[in-house]
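Look at the model first, then read on.

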Amino acid sequence: VKHIDIYIQFDGVYWHGLDRPIEVIAEHRNNRDVVIHKKWLTDRQQDLWFRESGLCLIRVNENFVFDCLVEDIFTAAEQRIMAQ
């Protein structure tokens, strides 16, 4: 939402290193961990850049989006049942 300096980023849990402790990822047990760790570090640099630039970056992870969608689906189903 550029006109109010708010930026929203949707982050996947796996590739953004949100599904396990960063200390475990940083052990680089496989090639994917190297890529995930690099992405995690890039995200931290991006957070810092936004803060220093006086801009707001809101990170939304896929679990949050999924949980909201599931809740909306259940609410819609409940309303449909109640209307019958």
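A residue counts as buried under 20% relative accessible area, exposed over 50%, and partly exposed in between (1.4 Å probe, protein chains only). Trp-49 is partly exposed at 47%.

This is a predicted model: local features need pLDDT of at least 70, side-chain atom pairs count only at pLDDT 80 or more, and totals for chains, interfaces and linings use all residues. Residues are numbered from 1 along each chain as its sequence is written, and side-chain values use heavy atoms, with hydrogens and water left out.

**Aromatic pairs**

Rings of Phe, Tyr and Trp (its six-membered ring) pair if their centres lie within 6.5 Å; planes under 30 degrees apart are stacked, over 60 edge-to-face, and the rest tilted. The count by this rule is 3 aromatic pairs. One of them joins Tyr-14 and Trp-15, edge-to-face, with 5.0 Å centre to centre and 90° between the planes. Trp-49 and Phe-50 also pair: their centres are 5.1 Å apart and their planes stand at 85°, so this pair is edge-to-face.

How accessible are the residues of these two pairs? The table lists the values.

| Residue | Relative accessible area | Class |
|---|---|---|
| Tyr-14 | 31% | partly exposed |
| Trp-15 | 43% | partly exposed |
| Trp-49 | 47% | partly exposed |
| Phe-50 | 10% | buried |

Which residues form one aromatic cluster? They are Tyr-7, Trp-49 and Phe-50.

**A charge over a ring**

A charge sits over a ring if NZ of Lys or CZ of Arg is within 6 Å of the ring centre and within 35 degrees of the ring normal. Arg-44 places its charged end over the ring of Trp-40, 4.8 Å from the centre.

**Positive phi**

Most residues other than glycine have a negative phi. Asp-5 has a positive value, near 55°. His-28 has a positive phi too, near 50°.

Helices (H or I, at least four residues) and strands (E, at least two) are DSSP runs, numbered from the N terminus. Asp-5 belongs to the segment before strand 1 (6-11). His-28 is in the loop between helix 1 (22-25) and helix 2 (31-52). Asp-5 is partly exposed, at 36% relative accessible area. His-28 is partly exposed, at 35%.

**Glu-78**

Where is Glu-78 placed? Glu-78 is in helix 3 (residues 62-83). With a relative accessible area of 54%, Glu-78 is exposed. From Glu-78 to Glu-23, the separation is 55 residues in sequence and 42 Å in space, C-alpha to C-alpha.
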